[in-house]
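Hi,

Here is the structure I promised to pass on. Have a look at it first, then read my notes below.

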Amino acid sequence: MSTSLDSFSGSAGCSRKPAKHKVPLASPGEWDRLFRLVIAFAIAQFGLHGIHAFVSKDPRVLLPHAVAWIHDLFLLAILVMVSLIVGRIIARRTLLCRWWHAVAIAITFAVGILLSIYPNMLTEFLAFPINIFGADGSTTWFFLVEYLGWRALWPIAVSGALGAYAALTSRRPPSSRKLAIAALPISLLALFTLLKLSPQPIVYSMQRLAQAWIAREERAVPTLARPMKATTEAAVVASKPSPLEAAEAFHYDHVIILVFEGVKSVQFEAEFIGAKREYYERVKDRSVYFNNYYTTNLDSYTSLIAMLTSVLVPYRAYASPDGYERVNEAPNMVAALRRHGFRTLFVSTCDHHPFVPVRRHWHRVTTRKDFPEQRGWVSVGSSRMEAALEDRAAIPTIVEFVESHKRTLVMHEMIFGHSPAWISKTGKRQITYYDAYLRGLLDALEAAGRAERALVVLVSDHGDRSGPADVENYRVPLFVSGASIEPGTNCTFLSHLDFQQIIGHHLSRLESPEGSDALLTVGSTESWVYGKITGGGDYQFIDNVSGVVLSCQGLREPMNLYRQFRAYLNSF
C-alpha cells in the first residue's frame, strides 16, 4: 500500500498502449472520481444517521444507527474493491476498461442514492425488519408513494447533490495509503458486527438470504401464482349476506369498535387482563373475552376487510391492493347497520389513510385534518403513512358523533404501536396507553349519558407481522363489553370471519357463531406465507417463494394445504 493513488489507479485501471497505437489513455482521474463518490456518500450517510438519531430523541437507536452507518461504509468499500479488481483484469482492453469505469461510477452513485432513503425509517425497520429482496414492483411502488411519500425523499436530493459535486469536481481524494488505513478498521468492525442481524436493510436482507441458503430444504410444494387477471367478482358474488341483515331488536344504540395495532393475545392477557388495568376492572363484570380468536391476515387492511365482510383476502395486502378492491363491495357489517338506521364513522388519526375498508359504506371517514384540537397531543411524522396524531385525540370526535345520532357504528383503527416512536415519545407501553385511552373514552361516554347503551368492542387486527410462521401471531384478543353481557370467557375457535356474527349476537338476537374446524391464513406483505390453523391446535405454514414448510404441528401433508389454498385463490 506504499504506492500513490495515481500508480494504483494506473495498474488497476486502463494501462497505456504502446505509443505507436496512439490510443488516448484512460485518466487515473476516473478512479479518483469513484473514490470521491464513496467519500461523499459516506459523509452524507453519517449526516443522515446523525440527524435522524437526534430527532428520534430515543437513545436506544444511537447504536443501531452507528452500526448501520458502518455497514453502509462496508457496502461502499466492497463496491470499490470489486470495481478495481475488474478494472485490473481488463486493464489492457482500453475501450472495455473505459466502459467499466462508467458502469462502476453509475452503480456506486445508484447505491449511494438508495442508501440515503432508509435512515429516516430505521426505527420502524428495527421493529418490523423485512427482506427487501422479497419485494416486487407493486410493493416497491406502494412503499415509495403511499408509505414513504415523496416529501420523505429529500435525503435523495441531498445525497445526490453531494455525489454529483464529488463526481464533477477535480479535487484530489486522499492517497490510497490513507484510504486503506481508514478502511481496515471499518471493515474489521463491520465483520465483527455481522455476527448479528444487521440494522441496515440491504445487509440484513443479504444475511437472511444466506441463512436460507445454509438451511435450505427441499421444496415441499410448487409455487402458487396469482391468476393472470386479478379479480374478486367470484368472491363478491359468492359472499353470503351479512348476518346483521337479519337483526331486529337491538340491545344497544351504539357500537364502538376499537382496533388495537398488532397486539397478540398473550400480550393482552398478561398486560391487560392479568395486570388488572383500571378499564378492565371497571367493565369486567359486563364483559366477555374470546381466548381462542384468530386473525386471518398479518396486514391491517386485509384484516379489517375480513372483520367487516367475512371474506379472506388470500393476497399480501399492499403488494397489489387494486387486485382485490371489489371485495370492499361484498355484503358487510357497515352497509347492514346503515340499513337499520345506524350512522357510521371510521376514525383514523393518520395524515394519510388510503386503505379504509368498505370505504364507500361509511357515512364519514376522519383523518388527522378533521380533529380541531391538536395542541397538547403527541404526534409522529417519520413517513407519510406513519405521520399521525395520537389516538386519544379522537375521543372528543367519537363522543360527539355518538351524542349527535340515535344509533351509531364507530370503528377506530389505532395508530399507537404502529411505530416504536410512539413509545419513546409518550414514555408509555402500548397496553398502558390503550388503558388510558379506554378510561378517557368511558369517562366521556358516561358524562354524555351514553355508556349504558354502548357496546364497546376491543379487538386486534393482527400480531407480529415479522413472524408469519408463528401461530401465536395469529391469535389475537377480542373483548366485548356491554350493560347486558354476562361476564365470562368464550373458548370457541373463532376468527375475523366470525366477527360480524359475534357482534350481531351481542347487539341483537342472532345466534352465537359455532366456530369452524379450520382456518386459512395469509402472512404479511413482506412475505407471502400461507397457512392453516385448526380448532384442535394443529397448524402448518408454507413459504410460497421457496415452497418450504416453515413450521407445523399435526398437519403433515403440505400438498393438502397447497391444493386447498390454491383452490381458494383461484375462486377468489
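Strands β1 (residues 254-260) and β9 (residues 454-460) run parallel and are joined by 7 bridges. Within that pairing, V255 has L455 of β9 as its bridge partner. A word on terms: two strands pair if DSSP finds at least two bridges between them, and helices (H or I, at least four residues) and strands (E, at least two) are DSSP runs, numbered from the N terminus.

Before you go further, note that this is a predicted model, where local features need pLDDT of at least 70 and side-chain atom pairs count only at pLDDT 80 or more, while totals for chains, interfaces and linings use all residues. Residues are numbered from 1 along each chain as its sequence is written, and side-chain values use heavy atoms, with hydrogens and water left out.

Now the sheet around that pair. β1 and β9 belong to an open sheet of 8 strands with mixed pairing, in the order β5-β4-β8-β1-β9-β10-β2-β11. β5 (364-366) and β11 (488-490) are at the edges with a single partner strand each, so one side of each has no neighbour in the sheet. On average, neighbouring strands here are turned by 15 degrees against each other, direction ignored. (Axes are lines fitted to C-alpha atoms, for helices over the stretch in contact, and angles run from 0 to 180 degrees between N-to-C directions.)

Two helices to find on this sheet: α17 (residues 430-447) packs on it and touches β1, β8 (408-413) and β9, with its direction at about 170 degrees to that of β1. Helix α18 (residues 499-507) also packs on the sheet, touching β1, β2 (287-290), β9 and β10 (478-481), and its direction makes about 155 degrees with that of β9. Contact here means heavy atoms within 4.5 Å.

α17 and β9 turn up again at the largest cavity, where α12 (278-283), α17 and β9 each supply at least two lining residues. α17 gives the most, with 4 residues. The volume of this cavity is about 90 Å³, and its lining includes Y279, R286, L438, V456 and S481. By class, that lining has 9 nonpolar, 1 polar and 1 charged residues.

The rules behind this: on a 1 Å grid over the protein atoms alone, a cavity is a set of points where a 1.4 Å probe fits but cannot get out, and a pocket is an open set with protein on both sides within 12 Å along at least five of seven lines; lining residues have an atom within 4 Å of a point. Grid points are joined across faces, edges and corners, and a volume is the space filled by probe spheres set on the points. Ala, Val, Leu, Ile, Met, Phe, Trp, Tyr, Cys and Pro count as nonpolar, Asp, Glu, Lys and Arg as charged, and the others, Gly among them, as polar.

There's another open sheet, with 4 strands in the order β13-β14-β15-β16 and antiparallel pairing. Strand β15 (residues 539-543) pairs with β16 over 3 bridges, and I542 stands opposite V549 in β16.

Of its 32 lining residues, N131, R208, A212, S527 and D543 lie nearest its centre.

Enjoy exploring!
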